[in-house]
Amino acid sequence: MNEKPLAALEKLIVICKDGEEGFQLAADEMKTSTLQSLFLGYSLQRSRLGRDLEEAASALGRTAADSGAARTWMLPTEAAAPRDEQAVLAECERGEDEAVAAYAAALAEAELPPAVRALLTAQATEVKNAHDEVRGRRTRFAPEENK
């Protein structure tokens, strides 16, 4: 009975861990303290969201952590050359696109218990807000041809 909800939670746990690492690495590449703080805050947010998802999965009978680490972000330090703030913001936005889509897919799962659905709905709002903030910063400071 809990197989589909557990699978949905496992995917989101991986997404959150990936976002936590991605935002941490993005913060490390930033030269401005404002963006460093923003990305560090989102890294901490994803850590918290992941822990909450792990607790929900345990409550549904999760016995072992899924080690599948399918990366959705091309992490900044994996790039061949140093990247500017605009490139890092664009990569963060792309990672956030994946996170928003993953939450939408999980919420489309009809078999979610009410408590899990409520948790995912609240987290999806946080993730969407982060996505919109990153997109807003990217488009606000992007050269006209990149908007």
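**Stop 1: the largest pocket**

Select Lys-4, Ala-7, Ala-8, Lys-11, Leu-12, Val-14, Ile-15, Ala-102, Ala-105, Ala-106 and Glu-109: they line the largest pocket. Two elements each give two or more residues to this lining, helix H1 (3-29) and helix H3 (85-107). H1 supplies the largest share, seven residues. The space in this pocket is about 200 Å³.

How is such a pocket found? On a 1 Å grid over the protein atoms alone, a pocket is an open set of points where a 1.4 Å probe fits, with protein on both sides within 12 Å along at least five of seven lines; lining residues have an atom within 4 Å of a point. Points are joined across faces, edges and corners, and the volume is the space filled by probe spheres set on them.

Now colour the lining by class. Eight residues are nonpolar, none is polar and three are charged. Here Ala, Val, Leu, Ile, Met, Phe, Trp, Tyr, Cys and Pro count as nonpolar, Asp, Glu, Lys and Arg as charged, and the others, Gly among them, as polar.

A word on the model: it is predicted, so local features need pLDDT of at least 70, side-chain atom pairs count only at pLDDT 80 or more, and totals for chains, interfaces and linings use all residues. Residues are numbered from 1 along each chain as its sequence is written, and side-chain values use heavy atoms, with hydrogens and water left out.

**Stop 2: the whole chain**

Zoom out and switch to cartoon. The protein chain has four helices and zero strands. From the N terminus on, the order is α-α-α-α. Helices (H or I, at least four residues) and strands (E, at least two) are DSSP runs, numbered from the N terminus.

Of the 147 residues of the chain, 44% count as buried. Buried means under 20% relative accessible area, exposed over 50%, and partly exposed in between (1.4 Å probe, protein chains only). Contacts mean heavy atoms within 4.5 Å. Among contacts with a separation of 6 or more, 76% join residues 24 or more positions apart.

**Stop 3: the nonpolar cores**

Select Leu-9, Leu-12, Leu-53, Tyr-103, Val-116 and Leu-120. Of the 21 residues in the largest nonpolar core, these touch the most other members. H1, H2, H3 and helix H4 (114-140) each give two or more residues to this core. The largest share, seven residues, comes from H1. A second, separate core has 13 residues, including Ala-26, Phe-39, Tyr-42 and Val-88. A nonpolar core is a set of buried Ala, Val, Leu, Ile, Met, Phe, Trp, Tyr and Cys residues joined through side-chain atoms within 4.5 Å.

Centre on Leu-9. Residues up to four places away in sequence aside, Leu-9 touches Leu-53, Ala-56, Ala-57, Leu-60, Val-116 and Leu-120.

**Stop 4**

Pick Ile-13 in helix H1. Is Ile-13 buried or exposed? Ile-13 counts as buried, at 2% relative accessibility. Beyond its neighbours within four places in sequence, Ile-13 is in contact with Gly-50, Leu-53, Glu-54, Ala-57 and Arg-62. Draw a C-alpha to C-alpha line from Ile-13 to Ser-47: 9.4 Å in space, 34 residues apart in sequence.

Next, go to Ser-43 in helix H2 (residues 33-59). Ser-43 is buried, because its relative accessibility is 6%. Not counting residues up to four places away in sequence, Ser-43 touches Glu-20, Phe-23 and Gln-24.

**Stop 5**

Move to helix H3 and select Ala-99. Ala-99 is buried, with a relative accessible area of 1%. Setting aside residues up to four places away in sequence, Ala-99 touches Ile-15, Arg-46 and Val-127. His-131 is 32 residues from Ala-99 in sequence, yet 8.6 Å away, C-alpha to C-alpha.

Glu-98 is also placed in H3. Glu-98 counts as partly exposed, at 37% relative accessibility. Between Glu-98 and Ile-15 lie 8.1 Å, C-alpha to C-alpha, and a sequence separation of 83 residues.

**Stop 6: the cysteines**

Finish with Cys-16 and Cys-92. Cys-16 is buried, with a relative accessible area of 1%. Cys-92 counts as buried at 1% as well. How many disulfides are there? The count is zero, where a disulfide is a pair of cysteine sulfur atoms within 2.5 Å.
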